[in-house]
Amino acid sequence: MNAALRLLRVLFLALALAPVSALAEGPVDAAFRDAIAAFAAARPHLGAVADGVDVAAYGDALGGRRFASAYWGGVVEMAVEERLEATGSCSRFAAFVRMPPENGVVALVLCPEFSTPGADSLRRLTILHELVHVVAGPDECRAMSFAARIERLAFGHATPVERYWRANGCERSGLRAP
Ligand SMILES: [Zn+2]
């Protein structure tokens with residue numbers, strides 16, 4: 001998780017100066033809306049399992065529903081926590097997933113940096129990426145590959161993350177590179 005999140009942080013900082021459109025809704029709601037739309041566009045082209053991710057469970061989690069997880073072994077619920085202070089893990093990351101689940105709840109923690117102005121597409125990618133961790137655990141290669149698969153199917157291209165793909169040794173994962 002950490003390496004990809006560092007990447008996301010770097011991209012956030014790089015894109016922070018990009019023009020910002022007026023936000024009619026908060027960045028967290030907008031990011032979820034965009035991620036849900038991307039997944040909906042990709043969904044017809046996904047099988048039951050893609051990159052080791054249970055697609056139905058992923059859709060349930062993304063939509064805020066409980067999901068049956070073969071990975072965690074039971075029914076799990078995602079809780080979204082927005083942190084207001086950039087302390088602890090939020091001093092390093094824009095977002096992270098606290099796992100494994102505790103009492104059937106896995107927490108997606110969104111840090112202040114996540115809501116930095118700009119970089120809407122990166123926020124969407126962050127949600128698509130972190131939801132893989134929510135549903136299918138900590139494998140970075142899986143998270144990058146699945147998120148890229150959604151982007152390609154929905155938009156025809158994926159956000160380039162070659163450095164982090166290599167940094168995580170994902171060439172050996174057998175998964176498709178983003
Ligand atoms: Zn990750």
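In this predicted model, E102 has V105 of strand β6 as its bridge partner. The two strands here are β5 (residues 95-102) and β6 (residues 105-110). They run antiparallel, and 5 bridges join them. Between the strands of this hairpin lie 2 residues. N103 takes a positive phi there, near 50°.

Next come two helices. Two packed helices are described by the angle between their axes and the distance between the axes. For α3 (residues 55-62) and α4 (residues 120-136), the axes come within 9 Å. They cross at roughly 115°. The crossing of α3 and α4 is right-handed. The table shows which residues make the contact.

| Helix | Residues in the contact |
|---|---|
| α3 | A57, Y58, A61, L62 |
| α4 | L131, V134, V135 |

What kinds of residue make up the contact of α3 with α4: nonpolar, polar or charged? The contact has 7 nonpolar residues, no polar and no charged.

Now the core. In soluble globular proteins, nonpolar side chains tend to be buried together. The largest nonpolar core in this model has 50 residues. Those with the most contacts inside this core are A61, A95, L131, V135, M144 and A147. Several helices and strands each supply at least two residues, including α2 (27-42), β4 (74-82), α5 (140-155) and α6 (162-167). Strands β5 and β6 do too. The largest share comes from α4, with 9 residues.

Leaving out residues up to four places away in sequence, A147 touches L125, L128, H129 and V132.

Definitions and conventions
Residues are numbered from 1 along each chain as its sequence is written. This is a predicted model: local features need pLDDT of at least 70, side-chain atom pairs count only at pLDDT 80 or more; totals for chains, interfaces and linings use all residues. Axes are lines fitted to C-alpha atoms, for helices over the stretch in contact, and angles run from 0 to 180 degrees between N-to-C directions. Helices (H or I, at least four residues) and strands (E, at least two) are DSSP runs, numbered from the N terminus. A crossing is left-handed if the near helix is turned anticlockwise from the far one by less than a right angle, and right-handed if clockwise. Two residues are in contact if their C-beta atoms, placed from the backbone, lie within 7 Å. Ala, Val, Leu, Ile, Met, Phe, Trp, Tyr, Cys and Pro count as nonpolar, Asp, Glu, Lys and Arg as charged, and the others, Gly among them, as polar. Two strands pair if DSSP finds at least two bridges between them. A nonpolar core is a set of buried Ala, Val, Leu, Ile, Met, Phe, Trp, Tyr and Cys residues joined through C-beta atoms within 7 Å. A residue is buried if 20 or more other C-beta atoms lie within 10 Å of its own, exposed if 12 or fewer, and partly exposed in between; C-beta atoms are placed from the backbone.
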